[in-house]
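Have the viewer open as you read.

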Amino acid sequence: MNQLRLGYLYGIGAYLLWGFFPIYLKLLRPAGPVEILAHRIVWSVAFVALLLAAMRHVGFLRTLARRPRALAGIAFAAVLIAVNWGTYIYGVNSDRVVETALGYFINPLVSVLFGVVALRERLRPAQWAALGVGGLAVAVLTVDYGRLPWLALTLAFSFAGYGLVKKRLGLPAAEGLFVESAVLALPALAYLGWLSARGGLAFGHVSAGHTALLVLAGAATAIPLLFFAGAANRLPLSALGMLQYLAPILQLGCGVLLFHEPMPPARLAGFALVWLALAVFTVDALPRPRPRLPTPLPR
């Protein structure tokens, strides 16, 4: 199998897993969102530690310990991804899967905005138009919801910020996830201990299957990230950008078709504006064919 085809398989696998992740999270109830988040962090550390030990990639920790600025950046990335994970879990388990899908549709536009603000990138007119249409979509959805779609905006801004920090750090996927999860592991364990002392811990008290699903949250977190890293190393950026819409499309389908969440006409109009903005942005980002130079006439 050639590397390009393997890259597509990795990318499709990652986005399929992320797209159907709401179904998995629904199975973790009656555990609360914060308990699910804590288990996701703790078991991610355990899973990735075993993976790194098997690959014999443990030596990177010594190198990283001599880079205090990188450690500070990792701590900041860890906070951002914890906010993203926690918001997503809360959204799914409070029956707002459609709004979480909106967050990941908006995310590419927020990443472009961060590129302008933080990296001083210049946008072409079509990209400014896409941002304008995206802003109009948020206004329409605010009217529909009767409030700002704060859950979607939190997901979009936290993940875009996480991507920006990760881009500057340049760490491999498995090593980066291990250190980020390790930063959050002590608070997560402390919370689980406090919850157990209060008698509110769902882990081990619902069923064996429920306990196993909580333990597997670490693998469910790490595997799509590793697939994504495999795709990013083999695919052109334009191809990866097209694949990224697969996950929110599937999440939206889960919300509307499986969980029967409402989609009134005004909300559908807001989503249509987001899709229009993404279409403009995606078409503008596609590589343009170079003009062919005329063949010189023989003298």
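What follows covers the nonpolar cores, the salt bridges, a surface patch and one threonine.

## What kind of model this is

Keep in mind that this is a predicted model. Local features are discussed here only where pLDDT is at least 70.

## The nonpolar cores

Let's start inside. The largest nonpolar core has 46 residues, and the members touching the most others are Leu25, Ile36, Val48 and Tyr88. Helix 2, helix 3, helix 5, helix 6, helix 8 (150-169), helix 9 (173-197) and helix 11 (217-232) each put two or more residues into this core. Helix 5 gives the largest share, with eleven residues.

Setting aside neighbours within four places in sequence, Tyr88 contacts Trp18, Phe21, Pro22, Leu25, Thr100, Tyr104, Leu155 and Gln251. There's also a second, separate core of 28 residues, with Ile106, Val110, Ala137 and Leu153 among them. As background, nonpolar side chains in soluble globular proteins tend to be buried together.

## Salt bridges around Asp95

Now for the charges: the model has five salt bridges. One of them pairs Asp95 with Lys26, at 2.6 Å from N to O. These two come from distant parts of the chain, 69 residues apart: Asp95 sits in the loop between helix 5 (68-93) and helix 6 (97-119), while Lys26 belongs to helix 2. Is Lys26 buried or exposed? Lys26 counts as buried because its relative accessibility is 12%, below the 20% cut-off. Asp95, at 45%, is partly exposed.

Asp95 has another partner in Arg29, with 3.9 Å between the closest N and O atoms. Arg29 lies in the loop between helix 2 and helix 3 (33-55) and Asp95 in the one between helix 5 and helix 6, so this bridge ties together parts 66 residues apart in sequence. Arg29 is partly exposed, at 38% relative accessibility. Through shared partners, Lys26, Arg29 and Asp95 end up in one salt-bridge network.

## A buried charged pair

Glu99 and Arg96 also form a salt bridge, with their closest N and O atoms 3.2 Å apart. Where do Glu99 and Arg96 fall, buried or exposed? Both of them are buried.

Which helices supply at least two residues each? They are helix 1 (3-19), helix 2 (21-27) and helix 13 (246-258). Helix 1 provides the largest share, four residues.

At 48% relative accessibility, Leu258 is partly exposed, because "exposed" would take over 50%.

## One threonine in helix 10

Last stop: Thr211, in helix 10 (residues 208-215). Thr211 has a relative accessible area of 18%, so it is buried, the cut-off being under 20%. Apart from neighbours within four places in sequence, Thr211 is in contact with Phe203 and Gly204.

Conventions. Residues are numbered from 1 along each chain as its sequence is written. This is a predicted model: local features need pLDDT of at least 70, side-chain atom pairs count only at pLDDT 80 or more; totals for chains, interfaces and linings use all residues. Side-chain values use heavy atoms; hydrogens and water are left out. Buried means under 20% relative accessible area, exposed over 50%, partly exposed in between (1.4 Å probe, protein chains only). A salt bridge is a side-chain nitrogen of Lys or Arg within 4 Å of a carboxyl oxygen of Asp or Glu. A nonpolar core is a set of buried Ala, Val, Leu, Ile, Met, Phe, Trp, Tyr and Cys residues joined through side-chain atoms within 4.5 Å. Contact means heavy atoms within 4.5 Å.
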